[in-house]
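Please look over the sequence and the model before reading on. The report below is meant to be read beside them.

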Amino acid sequence: MTTDTNKSSQKLALRQAVKLSPADNVVIALKALKAGDLVDGLSEPLRQSVTRGQKIATSPITTGQHVIRYGQIIGEAKSDILPGDHVHVHNLGMGNHHQDYAHACSNAPLEEIASRKLFQGYVRADGRVGTRNYIGILTTVNCSGSVARFIAEAAEKDGLLNGFPNVDGIVPIVHGTGCGMSGHDEGYATLFRTLSGYAQHPNFGGILLIGLGCEVMQVADLVGGRPIRADGTLRYMTIQNEGGTRRTIERGLQELRGIAEHANQAARGPAPISEITVGMQCGGSDGYSGITANPALGFASDLLVRHGGTTILSETSEIYGAEHLLTRRAESVEVGEKLIERVRWWEDYTSRNGGEMDNNPSPGNKRGGLTTILEKSLGAVAKGGTAPLRDVYKFGEKIEKHGFVFMDSPGFDPCSVTGQIASGANLIVFTTGRGSVSGYQPTPCIKLATNSEMYDRMADDMDLNCGDIVTEGVSIEAKGEELFETLIRIASGEKTKSEDLGFGGVEFVPWQIGAVM
């Protein structure tokens with residue numbers, strides 16, 4: 001941490017508001033302020049009371065003029081705005097503007113860190129490394145979901161894992177689709193990738209795959225006469241062939257014992273941190289998200305990339321309006337164009353389904369100070385740091401390249417995380433300003449609070465407070481380094497708050513595209 005950084009951070013901790021870029025015509029309140037208060041950066045007293053995270057105009061903004069935050073357009077004024085005015089949904093709208101994508105114009109690689117830094121992970125037969133060692137009960141269709149849960153409950157009741165101390169637990173992966181769908185369209189391909197990705201995930205020491213028997217997503221198609229797992233620890237059955245629920249449970253328990261014997265042979269051992277793959281998420285965002293937790297995660301993302309690791313940014317509908325910042329960092333023009341192709345797909349997808357890309361922010365986001373999807377997206381992109389964008393992947397598509405990448409997904413957090421895990425994420429980092437409670441077995445989820453008030457209120461759910469960047473003057477760099485070290489500890493076996501609370505049973509949410517028939 002440099003002396004200059006220390007000084008700027010200390011100043012931030014003492015200020016009432018912050019201007020994030022010299023080009024901005026708003027400042028962000030760092031605490032609750034009252035009408036009439038004299039605020040840093042304003043020539044006039046505050047005209048309305050505001051809560052922390054809200055925007056205040058620093059100069060006159062006429063109707064139709066752009067409002068600037070982060071040095072970027074976040075919308076246009078719906079009415080004339082005076083210095084000291086609160087800027088939010090009542091006077092700020094999306095507006096129309098176009099960005100220059102300037103593909104691959106600013107993609108210099110980050111300086112590599114040549115170190116022997118290691119974590120303690122599970123090295124699998126295919127060379128990938130797990131951060132956990134679960135057994136999964138994977139279902140092809142909703143119709144086999146209850147039986148999968150019955151098997152997991154029976155295994156727990158029988159103490160099946162008592163003799164297998166190296167196994168972290170049994171995870172039933174159940175969902176609400178797999179039938180009543182086309183067997184040949186984009187929705188089918190997306191679900192197929194998702195289930196295949198979970199079946200091969202390095203955080204599973206073995207998989208039991210269960211179908212009903214007559215569904216569209218057939219067990220035989222998933223298995224396909226090929227070894228899904230290099231270690232051979234995938235067993236499968238259908239309820240109809242086994243003769244019903246009770247017989248499937250009995251057979252399932254037998255198969256689990258065999259899988260557990262194999263999975264228990266795995267033990268943690270040293271692995272390079274280049275084998276860590278982090279899925280980056282934000283949910284329940286607020287006006288602090290783009291100031292504290294997201295840029296701190298971006299700094300940690302850059303550190304991991306410099307060590308040879310991989311970070312995944314997603315939520316295509318929540319980078320909308322900020323995609324030009326990513327295309328400029330694309331490793332090649334082709335990579336930038338792949339991202340824009342996904343954005344255009346989303347514009348068509350929302351249009352033909354009666355939606356719109358500016359359906360965000362949510363009511364909670366707005367209470368936290370975010371007004372338009374442009375503003376939310378600019379803060380969300382900060383999670384991706386500064387590394388070149390190496391490639392763009394479809395939902396659940398296996399990540400083949402190390403470095404900073406993008407995976408297409410909705411902004412709905414459980415669905416987006418499901419895709420990242422299917423793509424190979426063995427850690428999830430989730431930033432939140434309003435407070436989010438969830439977890440994503442088999443992959444541990446590290447939650448970052450954007451503000452100290454929420455962290456204190458929900459300390460049982462939050463793993464790291466980034467609000468001290470504002471309240472205590474901690475630098476972005478120092479917080480990013482703290483998060484980086486946290487990633488290594490969690491990857492090596494330290495439990496997250498969501499793991500201690502037992503989350504992960506209902507957060508598997510495949511993306512359903514297409515008609516339900």
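## Basis of the model

This is a predicted model, in which local features need pLDDT of at least 70 and side-chain atom pairs count only at pLDDT 80 or more, while totals for chains, interfaces and linings use all residues. Residues are numbered from 1 along each chain as its sequence is written, and side-chain values use heavy atoms, with hydrogens and water left out.

Strand 12 and strand 13 pair in the parallel sense over five bridges, and Ile210 has Met237 in strand 13 as its bridge partner.

## Helix 2

Helix 2 (residues 145-158), where a helix is a DSSP run of H or I with at least four residues, has 14 residues. Its buried residues, meaning those under 20% relative accessible area with a 1.4 Å probe and protein chains only, include Val147, Ile151 and Ala155. After helix 2 comes Gly159, whose phi is positive, near 65 degrees.

## A buried loop residue

Val39 lies in the loop between strand 2 (26-29) and strand 3 (55-57), and it counts as buried because its relative accessibility is 5%. Leaving aside neighbours within four places in sequence, Val39 is in contact (heavy atoms within 4.5 Å) with Gln16, Ala17, Leu33 and Leu46.

Terms used
Helix = DSSP H or I, 4+ residues; strand = E, 2+ residues; numbered from the N terminus. Buried < 20%, exposed > 50% of the residue type's maximum accessible area, 1.4 Å probe, protein only. Expected span 1.5 Å × (residues − 1). Pairing = 2+ DSSP bridges.
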